[in-house]
Amino acid sequence: MTRPNGRTVRDLRRENRTAVLRRLYFDGPLSRFSLGPATGLSSGSISNVVAELVAEGLVEEAGSVDSAGGRPRILLRVAPDSGRMIGVDVGETRVRVELFDLTLTELARAERPLTASGQDTGRYEVGVVVDHIRDAIAEVLRTADVPAESLLGVGIGVPGIVERTAEAGAVVHGQTIGWDAVPLERLLREAVDLPAGVPYRIDNGARTLGQAEMWFGAGRGATSAVVVLFGSGVGACVTTDPSGPGRALEWGHLKVQVRGRRCRCGAQGCLEAYAGAGALLERWREAGGPSPAGADEETALAALASAAYPEDGGTPDPAAVAVLAETAEYLGAGFADLVNLFQPERILVGGWAGLLLGPRFLAEVERHARAYALAYPAARVTLGMGTLGPDAVTVGAAILPLADFFARGGRRESPAPPEAPPAWTRSLRDRTTR
């Protein structure tokens, strides 16, 4: 039955289920009585939806609370074991895979480093990354003793721009890592041993970071925010609607210097060529800093931070101090661009390099940002650190299939039906079997 506004009864039931699930997820446990005003649904609709969700095992009782003069009210919550998600972070220095229950409690994790054999001057070998994801998914499922059929989906955060195509699914354009239209979803479906009905959700890593901070971290309660991913490169996610997904920005490729330093993307003068972790280390070496043999980027950046901010009370390395001071100004100018363009309520810093350096020099970055930005929006923005730590991208990646699951009212995605063979093959088969 279709209503005048084009919505069917089935659409209405799905929307009601979605409203109840989301409210229980973010604000639960709640009683049936509290769910009515929280969702705007009638008591009859609440009773019907809750009965369905309890019968399906998606919602369970979680104790009771006293009511005003009546029987205690039963509290309800989303059942943690009613589904699992996998989050994958294809990062700058490693591939991290985590398995979560429906409430995003970590059940298992596995990491695979991107060493010289899989990462050459920032160029990722696609086959190595696919193998790492395949092996790590198998490991976390085995470690937690979880059947693959329980998965609601696999979410993956990657560097670069993600295009969605009808033929190959998600295709990654990662110019800075040497990926030119890589059909990552198709490659994973061919390589990873998961049931056909388990969906893959692939998106930009900065966007998954932003999603996580807005749902569970320092972005909660904000009407608009920009979440910055500061690692080997820099990226950002802007969110102007807290109820919807953010939008990934190739912020690191804004130009901060005409005919400036060469960036990994091949252009000159990008913010990433001055503020990315690799660029910081290159400038430190140019200024006389050490080049430790065999040290990975995270170890080398930690050495730079220690040289500039010695914890033992020693004398700071002037070259390290100068590099970080210059970086703070470039980042401040980049933040000012975000303030002027989007006028966000908050700017939050995440990513492994951001977590390492942010607490030490964020105040200096903020000083430059306010000096470079327009006064009105600059006076209304707050700058701070993300609160979810190094796992934020994997958490955000796992949110991708979870958000889809809620949008479907808690229904699992049906596997696509097998494609019918072309007409000419059917006619040939008919002729040969007569």
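**Ring clusters, salt bridges and a helix pair**

Modeller: Ring pairs link Tyr25, Phe26, Trp215, Phe216, Phe405 and Phe406 into a cluster. Keep in mind that this is a predicted model.

Colleague: How many aromatic pairs does the count come to?

Modeller: Ten aromatic pairs. One of them joins tyrosine 25 and phenylalanine 216. Their centres are 6.2 Å apart, with 65° between the planes, and the pair is edge-to-face.

Colleague: Where do tyrosine 25 and phenylalanine 216 sit in the chain?

Modeller: Tyrosine 25 is in helix 1, residues 9–27. Phenylalanine 216 is in helix 6, residues 205–216.

Colleague: Is tyrosine 25 buried or exposed?

Modeller: Tyrosine 25 is buried, at 13% relative accessible area. Phenylalanine 216 counts as partly exposed, because its relative accessibility is 30%.

Colleague: And phenylalanine 406? Why is its pair with tyrosine 25 edge-to-face?

Modeller: The ring centres of tyrosine 25 and phenylalanine 406 lie 5.1 Å apart and the planes are at 70°. Planes over 60 degrees apart count as edge-to-face, so this pair qualifies. Both tyrosine 25 and phenylalanine 406 are buried.

Colleague: Switching to charges. How many salt bridges does the structure hold?

Modeller: The structure holds 31 salt bridges. Among them, arginine 201 bridges to aspartate 404, with the closest N and O atoms 2.4 Å apart.

Colleague: Where are arginine 201 and aspartate 404?

Modeller: Arginine 201 lies in strand 13, residues 200–204. Aspartate 404 lies in helix 13, residues 392–407. The bridge therefore ties together parts 203 residues apart in sequence. Arginine 201 is partly exposed at 23%, and aspartate 404 is partly exposed at 26%.

Colleague: What about glutamate 111 and arginine 96?

Modeller: Their side chains meet in a salt bridge, 2.7 Å from N to O. Glutamate 111 is in strand 6, residues 106–113, and arginine 96 is in strand 5, residues 94–101. The two are 15 residues apart.

Colleague: Is arginine 96 buried or exposed?

Modeller: Arginine 96 counts as buried, at 9% relative accessibility. Glutamate 111 is partly exposed, at 32%.

Colleague: Which residues are linked in a network of salt bridges?

Modeller: Arg94, Arg96, Glu98, Glu106, Arg109, Glu111, Glu298 and Asp391.

Colleague: And what does arginine 112 meet in a salt bridge?

Modeller: Glutamate 139, again through side chains, at 2.7 Å from N to O. Arginine 112 is in strand 6 and glutamate 139 in helix 4, residues 126–144. They are 27 residues apart. Glutamate 139 counts as partly exposed, at 23% relative accessibility.

Colleague: Which arginine lies over the face of phenylalanine 33?

Modeller: Arginine 73, at 3.9 Å from the ring centre.

Colleague: Last topic, helices. At what angle do the axes of helix 9 and helix 11 cross?

Modeller: Roughly 5°, and the axes come within 10 Å. Helix 9 covers residues 297–308 and helix 11 covers residues 352–372. Angles under 35 degrees count as roughly parallel, so these helices are roughly parallel to each other.

Colleague: Which residues of helix 9 and helix 11 meet?

Modeller: Helix 9 brings Glu297, Glu298, Leu301, Ala302 and Ala305. Helix 11 brings Trp352, Ala353, Leu356, Leu357 and Arg360. Glu298 also belongs to the salt-bridge network.

Technical notes: Residues are numbered from 1 along each chain as its sequence is written. This is a predicted model: local features need pLDDT of at least 70, side-chain atom pairs count only at pLDDT 80 or more; totals for chains, interfaces and linings use all residues. Side-chain values use heavy atoms; hydrogens and water are left out. A salt bridge is a side-chain nitrogen of Lys or Arg within 4 Å of a carboxyl oxygen of Asp or Glu. Helices (H or I, at least four residues) and strands (E, at least two) are DSSP runs, numbered from the N terminus. Buried means under 20% relative accessible area, exposed over 50%, partly exposed in between (1.4 Å probe, protein chains only). Rings of Phe, Tyr and Trp (its six-membered ring) pair if their centres lie within 6.5 Å; planes under 30 degrees apart count as stacked, over 60 as edge-to-face and the rest as tilted. A charge sits over a ring if NZ of Lys or CZ of Arg is within 6 Å of the ring centre and within 35 degrees of the ring normal. Axes are lines fitted to C-alpha atoms, for helices over the stretch in contact, and angles run from 0 to 180 degrees between N-to-C directions. Angles under 35 degrees count as roughly parallel, over 145 as roughly antiparallel, 65 to 115 as roughly perpendicular and the rest as oblique. Contact means heavy atoms within 4.5 Å.
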